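Keep the viewer open as you read.

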Amino acid sequence: MGSYKNSAILLDRAKQVLAGGVSSEFRKYNHPHAIFYSHGKGSRIYDVDGNEYLDFTLSQGPLILGHSHPHVLKSVAEYSEEGQLYAGQHIREVELAEKLNALIPSAELMRFCLDGSEAVQTAFRVARAKTGRKKFLRFEGHYHGWLDNVAYGISAPNADALGDREQPNVFPWTAGLPDSSRDDFIVLPWNDLELVGRVLEKRHEEIAAIITEPIMCNNGCILPKEGFLSGLRELCNKYGVTLIFDEVITGFRVGLGGAQSYYGVTPDLSIFAKAMGSGYPISAIVGKREWMELVAAGKVIHAGTMNAGNPTVAAALATIEVLEQEMPYDRMHRLGRKLMQGLQRTAAEAAQDLSVQGLGPMFVTYFGVSQPLSDYRDTLGTNKAKLGRFVAGLHDAGVRVIGRGLWYISAAHTEAEINQAIEVASRVLHDMNS
Ligand code: PLP
């Protein structure tokens, strides 16, 4: 087991000046506490105690090419030499928009922002303006950022507490929310088309938009049931509701055209972030012309001093260039599936009740529930304490995965590293018996 002494010392120091010692809440919950890193290269990340990790966290998803990809670094450096921000336009943001337009089915017009959270809010504003309606329909367990009106539906203590499926109880994730934020949305369990249809029939005149992660990656890694996404598309058409895909995770991860291309369902608006920028702060709200014309005409205001600066646009262009040249997706899907199968096999050998589900480029491991997870309520029945021990054991053995059991594959991971991860997991799972 590696030592975490230097991280502990830095964390004590950080706590004097950084709230909780971190800059984002989720970073508190590493093992055995917030960890300080010194550098990352390819599929590896290194901490200040000299521990090396095979990284399946990929900074919560963005590092689709791995850490410090040379082409991304070079492009960022070269374009930053020319300037950083102009409070005006530059040629490469047009090139980037043209690229997205060519790759993503719904990306007829777009705007760039800094992160997923604000792009989600832009989509809500556009949908409200387009429909003249106020509420959005969202799903239990889907994460759409940390801002007020989406800080619900992700923090139930258990499945029973959620109650009735048609009118679930809704729990605020944080203190400090305005009461009005509760009025912005209706929340329902995911993957239940019949239920969405029933609610829309009764309440569509209130509902501006349905927002969904096309693959539910934030609680479990749950694929949409056959016909669910296309069914949402039909219902939205029928009732004049805007369909928003939150592709912050799936964008550039499941393929170049996101989940909308993968599943062949085109939303009206969608949000791209994480993997698009290889770790640089850039996101996009993209949509059909009919919706985004409202932004073009200045009826819906979207702004931001820092939007589409040279370094972030350079990072996104370089990332997409590499993805287009190397087309790593078949390989990422294959390696991911190999890892999923290896973990499942090794868990059976160790007599552990570990289950694995997802797509190759991202998948989840969980304990204590034998049937596949199909919505958030299912995830609440999994054994979180056991998962915590598994993730901590992996970490101590040099394999880093996200605390909620999510694994991301990058283009930098090799077959040998997938075998290495399976071997480490096998040891950890056997050790959990002793
Ligand atoms: N939407 C989804 C699906 C996400 O997973 C996230 C972040 O993890 C967000 C939105 C918020 O994005 P950001 O953290 O860039 O604000």
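## Around the ligand

A residue counts as near a molecule or strand if its C-beta atom, placed from the backbone, lies within 6 Å of it. Of the 14 residues around the ligand, the ones that come nearest are D115, G116, S117, G145 and V248. By type, the shell around the ligand splits into 5 nonpolar, 6 polar and 3 charged residues. Here Ala, Val, Leu, Ile, Met, Phe, Trp, Tyr, Cys and Pro are nonpolar, Asp, Glu, Lys and Arg are charged, and the others, Gly among them, are polar.

Which helix gives the most to the shell around the ligand? That's helix α4 (residues 116-131), with 3 residues. Helices (H or I, at least four residues) and strands (E, at least two) are DSSP runs, numbered from the N terminus.

## About the model

This is a predicted model, where local features need pLDDT of at least 70 and side-chain atom pairs count only at pLDDT 80 or more, while totals for chains, interfaces and linings use all residues. Residues are numbered from 1 along each chain as its sequence is written.

Buried means 20 or more other C-beta atoms within 10 Å of the residue's own, exposed means 12 or fewer, and partly exposed is in between, with C-beta atoms placed from the backbone. In a regular strand, side chains alternate between the two faces of the sheet.

Two strands pair if DSSP finds at least two bridges between them. Strand β8 (residues 242-247) runs parallel to β9, joined by 4 bridges, and F245 has S270 as its bridge partner in β9. Strand β10 (residues 283-287) runs antiparallel to β9, also with 4 bridges; there, S270 is partnered by V286.

β8, helix α8 (residues 258-263) and β9 form a right-handed β-α-β unit. Right-handed means that, with the strands pointing away from the viewer, the path from the first strand over the helix to the second runs clockwise.

## The whole protein

All told, the protein has 14 helices and 14 strands. Its C-alpha trace spans about 60 × 55 × 45 Å along the principal axes, and 48% of its 434 residues count as buried.

Q420 sits in helix α14 (residues 415-431). Is Q420 buried or partly exposed? It's partly exposed, because it has 14 C-beta neighbours inside 10 Å.
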